[in-house]
Amino acid sequence: MKELLDDIDRWQAAGSRVAIARVVDIEGSGPREPGAAMAVNDQGEVAGSVSGGCVEGAVVSEALAILAGEAEPRIVTFGYSDDEAFAVGLTCGGTIRLFIEPLDW
Amino acid sequence: MSQPAGTLYQRLRTLLRAEQPVALVTVVAGPGVGGKMLITPTDAPLGSLGHPELDRIAVRDALAELEAGRSGVRHYGPEGQTTPEDLVGTPTVSAFIESWAPPPQMWIFGAVDFTAALGKVAKVLGYRVTVCDAREIFATRRRFPMADEVVVSWPSPLFERRGHTLGQRDAVCILTHDPKFDVPAVQGALATGAGYIGVMGSRKTHAKRMERLAEVGVDQPEQLARLMSPIGLDLGARTPEETAISICAEIIARRTGRLAPSLRDSSGPIHGTLDGTGG
């Protein structure tokens, strides 16, 4: 999160709304530890990353849906080992769970 | 309980920029998703997860996670229940405790070429680096621009003043080969809670040092077991830079409890410590 502060400041100063996605849990081999974070603004601009680049695209879509009020803040799971997982997987075969929410707190 | 939107984030932002210890607890599943508390070791918590008892338990757990520098998900009942029998028949509140601990410290004794290389690698790994040497002409900022501080001092005064700040996540690396300096540095380091203490030297230097340490009363097996001497993994490192990698690799392996063979020649999970935490 620390590395996102400057971008978030800039976006908020320009009047953009911001969503935050944070890794809360990993199973098996995962590229990033809990706390890895990425911020997305309502223009679709991105700061930070939550994996080795495997799931960022899907996270942006989900974040934009949340900012547009089309989805509630929630845990999103990526990985092969979970039947309900998103179609996008991690090449390392692990599972990561992200919490995505608007930065309105 | 409630506060204007933005308050919590602004406070978090200030604390993160000041590198102050802070934990953010967020309800990520169950009743009250999105509920938050901001917790520090010194200030009253901000925010609420929705029930006073749940808040109390969350503060307790967040402070423990912060102390250990860990982040992860905990599960509670909506009124702070934690035991399996109390949780039967209640919805589960899953809370993500994210903690930001101050960076771990590495104290390097001896202002030598190995120190500059080790300081660089330590910075890459996120350490706050202190270089200490009693010789004013060697212990200069100019020679160690990567260090967060360069202290001109004998080891003992530095340990007396600040040894209590060293904990499990911190490392002391003694790179002087000079018994005048490394014996008091080892004594000082053993009196702290530092998680890693490494001492450089050839096998011969090491043997002589152990004799000198015994002379000053450092001879207890539990004391000697804490010393990584000679310092570093057996990588065949030659240059200061390679040696720095071998030292830092050893620090990581000691923390995770690994033996550090090549992954090709071992089996089992790639991540996590061998005590079963992590994935």
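Helices (H or I, at least four residues) and strands (E, at least two) are DSSP runs, numbered from the N terminus. By that rule, chain A has two helices and five strands. This is a predicted model: local features need pLDDT of at least 70, side-chain atom pairs count only at pLDDT 80 or more, and totals for chains, interfaces and linings use all residues, while side-chain values use heavy atoms, with hydrogens and water left out. Residues are numbered from 1 along each chain as its sequence is written, and chains are lettered from A and ligands numbered from 1 in the order in which they are written.

**Chain A**

- The elements follow the order α-β-β-β-α-β-β from the N terminus on.
- Chain A has 105 residues, and 52% of them count as buried. Buried means under 20% relative accessible area, exposed over 50%, and partly exposed in between (1.4 Å probe, protein chains only).
- Take the contacts in chain A between residues at least 6 apart in sequence: 50% join residues at least 24 apart. A contact means heavy atoms within 4.5 Å.
- The accessible surface of chain A is about 4,500 Å², and carbon and sulfur atoms hold 46% of it. Accessible areas come from the Shrake-Rupley method with a 1.4 Å probe; for residues, only the protein chains shown count as cover.

**Salt bridges**

- Over all chains, the structure holds 24 salt bridges. Each is a side-chain nitrogen of Lys or Arg within 4 Å of a carboxyl oxygen of Asp or Glu.
- Arg56(B) pairs with Glu53(B) in one salt bridge, with the closest N and O atoms 2.7 Å apart. Both residues lie in helix H2 (residues 52-68) of chain B, three residues apart, about one turn of the helix.
- Arg56(B) is partly exposed at 48% relative accessible area. Glu53(B) is also partly exposed, at 30%.

**A network in chain B**

- Glu65(B) forms a salt bridge with Arg70(B), the closest N and O atoms being 2.8 Å apart. Glu65(B) also meets Arg74(B) in a salt bridge (3.1 Å, N to O).
- Salt bridges that share partners join Arg60(B), Asp61(B), Glu65(B), Arg70(B) and Arg74(B) into one network.
- Glu65(B) is buried, at 5% relative accessible area. Arg70(B) is partly exposed at 44%, and Arg74(B) is partly exposed at 28%.

**A nonpolar patch**

- Val124(B), Leu125(B) and Ile252(B) form a nonpolar surface patch, with about 270 Å² of accessible area together. Patches are made of residues with over 30% relative accessible area and no salt bridge; like charges are joined within 9 Å, nonpolar side chains (Val, Leu, Ile, Met, Phe, Trp, Tyr) within 5 Å.
- Val124(B) belongs to helix H4 (residues 113-124) of chain B. Val124(B) is exposed, at 71% relative accessible area.
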